[in-house]
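I open this notebook to record what I looked up in the structure shown below. My entries begin with the contact between two chains and then turn to one chain by itself.

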Amino acid sequence: MNVLRYLGRRLVFTVFLLIGVTMMVYIISYMVPSDPVVANLSARNLNNEEMVQAYREKWGLDQPVYKQYFTYLNNLLHGDMGTSLRTERAVMEDLKLYFPATLELSIFGILFAVFFGMLFGIISAIKRNKWVDQILRGVSVLGVSVPVFWMALLLLFVFYLKLGIFPGPGRLSASLTPPVHKTGLYTVDALLMGDIKVFADAFKHLCLPGICMGLFTMGLISRTSRSSLLEVLSLDYIRTARAKGLRERDVIIKHALGNSLISVLTVIGLGFGNLLGGMVLVESVFAWPGIGQYAYKAAQNLDFPAIVGVSLLIALNYVVINIVVDLLYCVLDPRVRYM
Amino acid sequence: MKNKKSFLKNNTVFQALRTNTLLTIGVVICAIWLFVIIFADYLAPYDPLLQDLSLRLQPPCREHLFGTDSLGRDILSRVLAGSRISIGAGLQCVIISAVAGMLIGGISGYIGGIFDDVVMRIGELFSSFPTIILAMVIASAMGPSLFNTLLTMCIVWWPNYARVMRAMVIQVKSNEYVEASRCLGASRMRIFIREILPNSISSVIVLTTVDFGNAILLFASLSYLGLGSPPPAPEWGAMVSNGAEQFYYWWVATFPGLAILSVSLGANFIGDGIRDYLDPKLRKTIS
């Protein structure tokens, strides 16, 4: 019951947050001295007064901003996010088209980050201050320090151009046809069709950009899991466990790990936020047809409906992930109760 | 002589430097870059803006240690000169947002009530908005310039500091010495400036060092996307972006990227070291 009430409160807050995000984009669109008309019409059409007028009317740009905003909110409640000025398609359609690619990449990135981050963190904590620890700590600091776009270029240069182990940019090799659209995730769709060849190719294409996306989060997770495991290991109940003669492996796996997971979980939630930030960069280097590229082009063209759409989607994702993380606390730590 | 020795032995900062190799490496890296920033004009072997198309895309050699870019400019000179813009931008972003966040968060925590609620919600809104997208929108609206990019970075960056400062102020203002000062008839302004600010500032300063690396990275990312100073200026992120267009000539992107990496690495080592040093839980287990 308490959990339900907690969820309710969080969801109400989410609604306010989303309204805030839409409002912010509209405020920016009002404050900026430039004009979407200039960004979207060709020079010849710009000189044509009638064309400009027609364009403004078509997109409602002749209305005052607050009116535009309320029209937008009203449409949003009916599931209509407006039409992109650039692609001239419904923003909802665009997002549906581009989101799966980003989702697939993000999932790969976060799995990579969680697996290696936890692994490095645990090894580091066990071998504390030994050379293994020093190296792994160095690697994780490297992960949070490396510029993503540069790493992406470097990986492409070494593994694609020089060694040829991994394929180049894009989601699938040109010689293969994409699997039938069911979930939009190429790897999953290919498995559903039972096409191993397409699956393997799509998976290989995921590797390099996925690693780039996950590096930063991996560094965060590895540092957090190291320090939280060390903290737990210094507690009294661990001494008790050791004193009763448990093997070190059992002490760590059965007693220490569970309790140190809690702070790691927060970082995973935060990590998703970073992932979304890195997305624009990684997708632009790997020519990945996802939300990041879409957002980049939308921003360049001052395509405000699309910008609001993307921002809403990202903010929503962020909130949902954090709610899930908070609920997972409950599962991991029975002492946590949401009043 | 004896005094000096015991000073080195007892000073905890030196102790921290001695026991924490990574911290020492961080300090050395940052010191080197500080040196480069100050003496960039003397260190650079060529004019960073000098173009020579007959020397375009030369691989690293004795005359051009880092090679030349697509306009025949010496990359080493550009990396050295770029340190001023790229590191400077990170520093400015962190300092401006720390000061702004400190004041906003401090006042908000001190006054409390509805004002506090509203300010903190606004902060949350700013930080939940995807930074890069916000920056791209502002930059493409107002035209890419160093000032606009810095402005955007500060807009999304201050809430972090405000949150930390607010928490500290709330903690500090319940102390007895604040109460005593009030009883002596000090004005709210005086209490805020003389009692509360100095006692809650330390955690913000720690956050600033920890954050500096991230600010450098964010600025580099934005300038990679073309949102920094306009082209001829040497700027690391923009130089990597230039290298991405010359994909086969690896040195064009590699060296400016390494420069970014080294600075943010150094900043992170220092930030980590300071955090470890200040965290009493970890310190206990070290000794």
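Entry 1: the buried area. I looked up how much area is buried between chain A and chain B, and found about 3900 Å², with carbon and sulfur atoms giving 78% of that area. I note that M24(A), F149(A) and W150(A) supply 16% of the area that chain A buries against chain B, more than any other three residues. I also record that this is a predicted model.

Entry 2: the residues in contact. I asked how many residues each chain brings to the contact. Chain A gives 44 residues, and chain B gives 44 residues.

Entry 3: pairs across the interface. I searched for salt bridges between chain A and chain B, and the rule finds 0. For polar contacts, the rule finds 5 residue pairs across this interface, both residues of a pair being at pLDDT 80 or more.

Entry 4: the side of chain A that touches chain B. I listed the elements of chain A that give two or more residues to this side: α1 (2-31), α7 (131-145), α8 (148-162), α10 (196-233), α12 (248-285), α13 (291-300) and α14 (304-332). Which element gives the largest share of this side? I found that α1(A) does, with 7 residues. I then sorted the residues of this side by kind, and they divide into 31 nonpolar, 9 polar and 4 charged.

Entry 5: chain B by itself. I looked up the secondary structure of chain B and found 13 helices and 0 strands. Along its principal axes, the C-alpha trace of chain B spans about 75 × 60 × 30 Å. Chain B has 287 residues, and buried residues make up 50% of them. The accessible surface of chain B comes to about 14100 Å², and 66% of this surface belongs to carbon and sulfur atoms. Among the contacts in chain B with a separation of 6 or more, I note that 70% join residues 24 or more positions apart.

Entry 6: one residue of chain B. Is N268(B) buried or exposed? N268(B) counts as buried because its relative accessibility is 5%, and the cut-off for buried is under 20%. I then looked up what N268(B) touches, leaving aside its neighbours within four places in sequence. N268(B) is in contact with V141(A), V144(A), S145(A) and R223(A) from chain A, and with V210(B) from chain B.

Key: Residues are numbered from 1 along each chain as its sequence is written. Chains are lettered from A and ligands numbered from 1 in the order in which they are written. This is a predicted model: local features need pLDDT of at least 70, side-chain atom pairs count only at pLDDT 80 or more; totals for chains, interfaces and linings use all residues. Side-chain values use heavy atoms; hydrogens and water are left out. Contact means heavy atoms within 4.5 Å. Buried area is the accessible area (1.4 Å probe) that two parts lose on being put together, summed over both. A salt bridge is a side-chain nitrogen of Lys or Arg within 4 Å of a carboxyl oxygen of Asp or Glu. A polar contact is a pair of N or O atoms within 3.5 Å; within protein, one must be able to donate a hydrogen and the other to accept it, and residues adjacent in sequence count only if both atoms are side-chain atoms. Helices (H or I, at least four residues) and strands (E, at least two) are DSSP runs, numbered from the N terminus. Ala, Val, Leu, Ile, Met, Phe, Trp, Tyr, Cys and Pro count as nonpolar, Asp, Glu, Lys and Arg as charged, and the others, Gly among them, as polar. Buried means under 20% relative accessible area, exposed over 50%, partly exposed in between (1.4 Å probe, protein chains only). Accessible areas come from the Shrake-Rupley method with a 1.4 Å probe; for residues, only the protein chains shown count as cover.
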